[in-house]
Amino acid sequence: MTQSRYLLVKARKAILSPNHTEQPVQVLIDQEAGKIIEIAVEKECKTVVSQDVLEVIELDDNQVLMPGLVDAHVHLNEPGRTEWEGFETGTKAAAAGGITTVIDMPLNAIPPTTTIDNFKTKLEAAKGQCHVDVGFWGGVVPDNAKDLPGLVQMGVRGFKCFLIESGVDEFPCVNEAEVRLAMDQLVNSDRVLLFHAEMDGCGKKLPAAPKEEEELDPRTYASFLNSRPQSLETNAIDMIIRLTQEYHEKGKSVNTHIVHLSAADAVPAIRAAKATGAPLTVETCFHYLNFTSEAIEDGATHYKCCPPIRESSNRDKLWEALLDGTIDYVVSDHSPCTAQLKKQETGDFGAAWGGIASVQFGLPVLWTEGRKRGVTLQQIANWLSLSPAKRINMDHKKGEIRVGHDADLVIWRPESTFEVNINDVHFKNKLSPYIGKSFYGAVDRTIVRGATVYDRNVKGLFAEVPSGRPLLQ
C-alpha cells in the first residue's frame with residue numbers, strides 16, 4: 001500500500017463526530033506523525049503540499065467517512081490460547097470491520113494480565129503483530145490488589161473482575177471484600193473498574209434449576225437461558241451500584257463500568273444510579289441488540305455467551321436504554337474458541353464454551369438493526385467511537401476526526417448490503433452466528449494513524465507490515 005508523507009482524504013459525505021452533521025469534507029494527514037493537520041468543511045484544504053509526497057483518496061458518492069471505531073471489549077487470547085485467537089488474526093478482523101482501536105481483555109490469555117510481569121509477557125507477544133492500535137485492560141483477581149498501581153503506571157486502561165466464575169482457572173472471581181480492596185487502589189483515579197456482572201456467590205456452583213427445567217434437553221437454548229436468569233445480573237449490578245455510590249458519597253470516587261449488559265431488568269436501577277451522579281458507565285453487545293432467544297435453534301451452540309442472548313422483549317428494552325443514554329456504548333465481546341469447544345457434534349449448550357466470535361461485524365450489525373429504529377450515523381459515531389474512547393481515556397487522540405487527533409478513519413457504504421461469507425471472515429476460528437446473515441454497511445477501507453491497514457479493493461486486503469501500536473498513554 002502506498003507510502004507517502006501526506007494523505008488527503010476527500011469525502012462528499014463525512015461525519016466528523018457525533019456533534020457534526022453530514023457534510024463534504026477534506027482531511028489532510030501528516031502520515032509521518034500519524035496526525036490530522038487540517039480539516040476543511042465544504043471547501044478545500046489550504047495547506048500547500050507538494051504533489052510528489054501526497055496521496056489522495058477520493059470517496060465515491062455512496063461512501064461515508066467516519067471516525068475509526070473503538071472496540072473496548074475484545075479477547076485476543078495471546079499468549080497461551082493462540083489456537084483460539086491471536087494478535088495478528090484478531091486485529092486483521094478488527095481492521096476489516098472498520099475498527100482502528102481494540103482493547104484486549106486480561107483473560108483468556110495465559111498468563112492473564114494481573115501482574116506487571118504478566119503484562120510484560122503480553123506486550124512482548126503483541127510486538128510486530130497488530131494491524132490496529134491495541135490497548136489493554138488489567139485484571140482483578142483475589143490477592144492482586146497490590147499489583148494494580150504498577151499496572152496503571154505501565155498503561156493498562158483499567159481493570160476487569162468477575163463476580164461469578166470466569167470459566168478459566170487462572171482468572172478466579174472476586175467477592176465483595178476483594179472488590180473493595182481493588183476499589184481502594186483506584187480512589188479518585190482516572191482509571192475504571194469493570195465488572196462481569198453476574199453474581200451467585202463467588203466460588204459457588206450455580207444453583208440447581210427447578211425440577212421442570214432440569215428436564216429440558218441440553219440441546220435446547222431454553223435449557224441454557226434458564227440457567228443464567230436475569231437475577232444473576234441484577235444481583236451483581238445492585239452490589240456494583242451500592243459500592244459505587246458508597247465510595248462516591250464519601251468523596252472517594254471510583255469509576256465503575258458494567259460490561260456486556262444483557263438483562264434489561266437491571267436498566268431502571270442503572271438509570272437511577274446514573275441520575276444521582278454516580279461515576280458508572282455501561283456497555284452492551286452487538287449480539288444482544290441483534291439476536292433473540294426465540295430464534296436460536298436447538299444445538300446452535302455458536303450462539304452461546306455469558307450472560308446469554310435473551311428474549312425479543314428484552315432486546316427492545318436494551319435498545320431503549322441505548323437510545324436514551326443509559327447504556328453508553330456497544331462492543332463485540334469477541335470471545336472465540338476452537339470449534340471443538342463449541343460442542344457442535346452434541347449441541348450441548350451446557351458443555352459448550354460461551355463466547356461469540358464477532359469483532360469484524362459490529363458496525364453493520366448495529367447499523368442494520370438500528371436503522372429500523374431511526375438511528376443516525378451520529379449516534380453510531382458516538383456508540384462505536386467517541387463514547388468508548390472516553391471510557392478508555394483516549395479521547396484526546398481517538399474517537400473523532402479532529403485536528404491534532406490520530407488519523408483513524410473508516411470509509412464505508414451504509415446503504416450497501418452484503419452477506420457474511422465464511423471465506424471473508426478474518427478471525428482465526430470461523431464459527432460465528434453472523435455467517436450467512438445479510439447486513440447493511442460494507443466497510444471499504446480502514447486507516448490507522450494515516451496508514452491504510454485494510455482496503456477491500458487491494459489484493460491481499462491488509463497492509464503487508466502491521467503498523468498497530470500498543471496504547472499505553
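**A helix pair and a sheet**

Modeller: The axes of helix H7 (residues 230-249) and helix H8 (residues 267-275) come within 10 Å and cross at roughly 10 degrees. The model is predicted: local features need pLDDT of at least 70, side-chain atom pairs count only at pLDDT 80 or more, and totals for chains, interfaces and linings use all residues. Residues are numbered from 1 along each chain as its sequence is written, and side-chain values use heavy atoms, without hydrogens or water.

H7 and H8 are therefore roughly parallel to each other (angles under 35 degrees; axes are lines fitted to C-alpha atoms over the stretch in contact, with angles from 0 to 180 degrees between N-to-C directions). Helices are DSSP runs of H or I with at least four residues; strands are runs of E with at least two.

Who touches whom? H7 brings Ile-237, Asp-238, Ile-241 and Gln-245. H8 brings Ala-269, Ile-270 and Ala-273. Contact means heavy atoms within 4.5 Å.

Two strands pair if DSSP finds at least two bridges between them. S14 pairs with strand S13 (residues 280-285) in the parallel sense, over 3 bridges. There, Glu-283 has Tyr-329 of S14 as its bridge partner.

Methods
Angles under 35 degrees count as roughly parallel, over 145 as roughly antiparallel, 65 to 115 as roughly perpendicular and the rest as oblique.
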